[in-house]
Each structure stands twice: as structure tokens, then as C-alpha cells.
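Thank you all for making time this morning. I would like to walk you slowly through one structure, so please have a look at it before I go on.

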Amino acid sequence: LIDIRRTAISPMSILREFKQDEAAGLSRSWLEVFGVDQEGMNTKDFMWHVFSGGRYPALEGENARAAYLSQVCCEFIVLSNDRNIAYLVDTRPEDRPFSDFYVFPPNLAWTMAFTHEEGWLGPYYAQHPNYAELNTSNLTRVKKQQEKAYAKSRGWR
């Protein structure tokens, strides 16, 4: 058995490894936002079918990748498509830890869906309906984290 933590997630730090039932809960939360119109989309096999089937607005391909790379956040959830494995990491993943997986901040402001069909279908980037408000919250957290790091570098506790 390959240790996913060492081979796929490195060099970022894993802040938390979610239990299987927690990963399933993250999947349900993801579908509550992005899969609201999933009827007939076979999200049981691939949640990203909501994007490929046009049921939720999303950018695709290089446009999706550019939008994803522009996102700034303190923490990211990496969720496998089988809904059994999920990690909270400190760096936006750019490598492929799984064949099909999802990356999103804990508040689900946006998501990136990487697919095994990349080049034909995907990857997909989509935003939460309340993206502006949720992303402002993410940016505020990043700013506070940067301020704390600066203060610490100056000898503050």
C-alpha cells in the first residue's frame, strides 16, 4: 500500500487527515453547494459530472487552472473522488494526489475538480454562489496569518 501522504501530498504539510466518515461529510457539503442540480448526473461515480453536464457553472481547462492558481487561502481541503480520503493542507496542491479529486477552502468559497479525463473533460473550477463574501473571509484570514508571521519574525510572541 502506497503512503499517499508521502508520495502525493508532499511537499506541503498535512494539517489534518480526516476520518472516512468526515470525508464523506465533506463530500455531502460539497454536493450541497455545487451539486444542487445533480439529478441525472451520476454524481455517485464522479461528483464533477455536475460541471461536465452543465448543471453548475464552471470554467474548464486552462481557464479553470488559471482561476485556481489565482486563489489565495490559508488552508485547503483535498478530497478524493471516492469520498474516503480527505486532507487539510497548508499549500494549494498543484500535483495530482489522486486520479479524480477536489480542492477547496474549508468554507467552500470555490472548488477545483481534477478529472481522469483531463484534456477532454476538465479540470473544472467553480465558485460558491456567495463567493465574494466567502473569499473576503479567506483573504482576511491570510492577511492575519501574514501579520502574525511578521510580528513573530520581529520577536513578538
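R83 is buried, with a relative accessible area of 19%, where buried means under 20% relative accessible area, exposed over 50% and partly exposed in between, calculated with a 1.4 Å probe on protein chains only. Before I go further, please keep in mind that this is a predicted model, in which local features need pLDDT of at least 70 and side-chain atom pairs count only at pLDDT 80 or more, while totals for chains, interfaces and linings use all residues. Residues are numbered from 1 along each chain as its sequence is written, and side-chain values use heavy atoms, with hydrogens and water left out.

Coming back to R83, its place is in the loop between β3 and β4, and its phi is near 70 degrees, a positive value in a residue other than glycine. Strands here are DSSP runs of E with at least two residues, and helices are runs of H or I with at least four, numbered from the N terminus.

A second residue of this kind is L108, which is not a glycine and yet has a positive phi of about 60 degrees. L108 is found in the loop between β5 and β6, and it is buried, with a relative accessible area of 9%.

Let me turn to the sheet. It is open and has 7 strands in the order β1-β4-β3-β5-β6-β7-β2, with antiparallel pairing, two strands being paired if DSSP finds at least two bridges between them. Strands β1 (14-17) and β2 (59-60) stand at the edges, each with a single partner strand, so one side of each has no neighbour in the sheet. Within the sheet, β5 (residues 101-104) and β6 (residues 110-114) pair in the antiparallel sense over 3 bridges, and F101 stands opposite F114 in β6.

Which residues does D100 touch, leaving aside those up to four places away in sequence? They are F46, W48, S80, N81, F114, T115 and H116, a contact being heavy atoms within 4.5 Å. D100 lies in the loop between β4 and β5 and counts as buried at 8% relative accessibility. A polar atom of the D100 side chain lies 2.9 Å from the backbone nitrogen of H116.

Finally, there is a cis peptide bond between G122 and P123, with omega about 0 degrees, and P123 sits in the loop between β6 and β7.

Technical notes
Polar contact = N/O pair within 3.5 Å; in protein donor to acceptor, adjacent residues only side chain to side chain.
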